[in-house]
Amino acid sequence: MQKKYILSAVSMALFSVSALADNQWRFETSLSSYSNSEVMSIKALADDTWDGKYQDADSLFTTNRADMGVGYGNWLFGGAIRYDYFGHFTKDTGRFFYLDKNKLPQPDNTDLDILLDVEHTYASGPFIEYSNSYQSLDYRIRLNYWQSDQVLSGKVHGKVNTATNELYLGQLDFDYYYDEDTIFDRETPDTMYGDGYSLDIGLFWQIDPEFDVSLDVMDIGYSLNWDRVYHTEAKLIRGEAKKNSEPSLSGIENDLDYKQKFDSQIFLQAGYQTDYGRAFIGNDYINSTHHWYSGFQVPVFGDLAKASITLYPETKAIKLGLEGEMIGINLGLNKSKISDTNTLILNMYFKY
């Protein structure tokens, strides 16, 4: 998207200015990526092949953000790019798609509860952040402005009976907003436009020399206001009839102003300093799902960096981290082969 290239150029210009300025200026860049799909491997879903091992689940998500900024004192200014996909569905829906994609027979005469609820978009924009300390509490507040020209937001739901492998009876209701219609193949030649704001808050409280608590709440109030976005509201019905009969489709297609809303993401962690290192437990709350973890962190290379290992019991993911004052990286996987993984966590930063 053109806006993304403009954003990158502005960010690099800010970096150049900071490099020429006095040493009170600083440069920061980071990347965070968190994906989870228990139903299939992330690669199988991204490639839309749905091949490989399948298991029942009812949600999947990927949320990714990269930013670059220039700071002075307590302030940080910069730009960010993000890609998000949040999906909720019934287990019947997941199995139906898996069998259909792999050309496997559906069970005969089975009632299915179909639901697919999706929020999906790319976005980019500038941000401003303020950070400070009060006694033993460190805090930061960040205001983001987002622009986007790609949207998919809506729901498909209904009841279907698989009378035979080739005949499905029932009704599906569609209500969704989009820039590209992947269901009924409606032409969408014009560019969509949406914008909005979000707030991020970060807190770190050193309660005593041994015990600390951190809380990060991302995307508070995050929504995109779309100007005349494409919309389809339709009903698909197929009743008792011959196998080759066509289903009836009725509904409306129009252009509407629309407010696309996203849920906040919450990251909570508590740590305790022992004689051997720091033990910690926490919870990542994303897409209405909890991801509990525990881990241990130890200093390495003297006090130049800290190495950590984190275990996620539910997803069976293991995350390894190495963090220093200037550079840090954390990588988490639940499979040794990245193409088979269902959980992928990547965090990187560079500060100068």
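A polar contact here is a pair of N or O atoms within 3.5 Å, where one must be able to donate a hydrogen and the other to accept it. In this predicted model, a contact of that kind, at 2.8 Å, joins the side chains of Asp-219 and Arg-82. Asp-219 has another arginine to hold on to as well: its side chain makes a polar contact of 3.0 Å with the side chain of Arg-65. Asp-219 sits in strand E8, which runs over residues 211-220. With a relative accessibility of 2%, Asp-219 counts as buried, because the cut-off for that label is under 20%. Setting aside neighbours within four places in sequence, the residues in contact with Asp-219 include Ser-198, Leu-199 and Asp-200, along with Asp-263, Ser-264 and Gln-265.

Next, the aromatic residues. A pair of aromatic rings is described by the distance of the centres and the angle of the planes. The count for this model comes to 19 aromatic pairs. In one of them, the ring centres of Tyr-34 and Phe-61 are 5.7 Å apart and the planes meet at 50 degrees, so this pair goes down as tilted. The two partners come from distant parts of the chain, 27 residues apart, with Tyr-34 in strand E1 (residues 25-37) and Phe-61 in strand E2 (residues 59-72). Tyr-34 is buried at 7% relative accessibility, and Phe-61 is buried too, at 3%.

Tyr-145 and Tyr-197 also make a tilted pair, because their planes are at 50 degrees, with the ring centres 5.1 Å apart. Tyr-145 belongs to strand E5 (residues 137-164) and Tyr-197 to strand E7 (residues 194-206), so the pair ties together parts 52 residues apart in sequence. Tyr-197 counts as partly exposed, at 48% relative accessibility. Elsewhere, Phe-86, Trp-146, Tyr-222 and Phe-262 come together as one aromatic cluster.

Then there is the nonpolar side of the surface. Leu-31, Phe-301, Leu-304, Leu-322, Ile-329 and Met-348 make a nonpolar surface patch of about 580 Å². Of these, Met-348 is found in strand E17 (residues 343-351) and is partly exposed, with 37% relative accessibility.

The C-alpha atoms of Ile-318 and Tyr-293 are 9.4 Å apart, and 25 residues separate the two along the chain.

Conventions
Residues numbered from 1 in each chain as written. Predicted model: local features only at pLDDT ≥ 70, side-chain atom pairs only at ≥ 80, totals over all residues. Heavy atoms only, no water. Helix = DSSP H or I, 4+ residues; strand = E, 2+ residues; numbered from the N terminus. Buried < 20%, exposed > 50% of the residue type's maximum accessible area, 1.4 Å probe, protein only. Contact = heavy atoms within 4.5 Å. Patch = residues over 30% accessible without salt bridge, like charges linked within 9 Å, V, L, I, M, F, W, Y side chains within 5 Å. Areas by Shrake-Rupley, 256 points an atom, 1.4 Å probe, with all protein chains shown as cover. Salt bridge = Lys/Arg side-chain N within 4 Å of Asp/Glu carboxyl O. Phe/Tyr/Trp six-rings, centres within 6.5 Å; stacked < 30°, edge-to-face > 60°.
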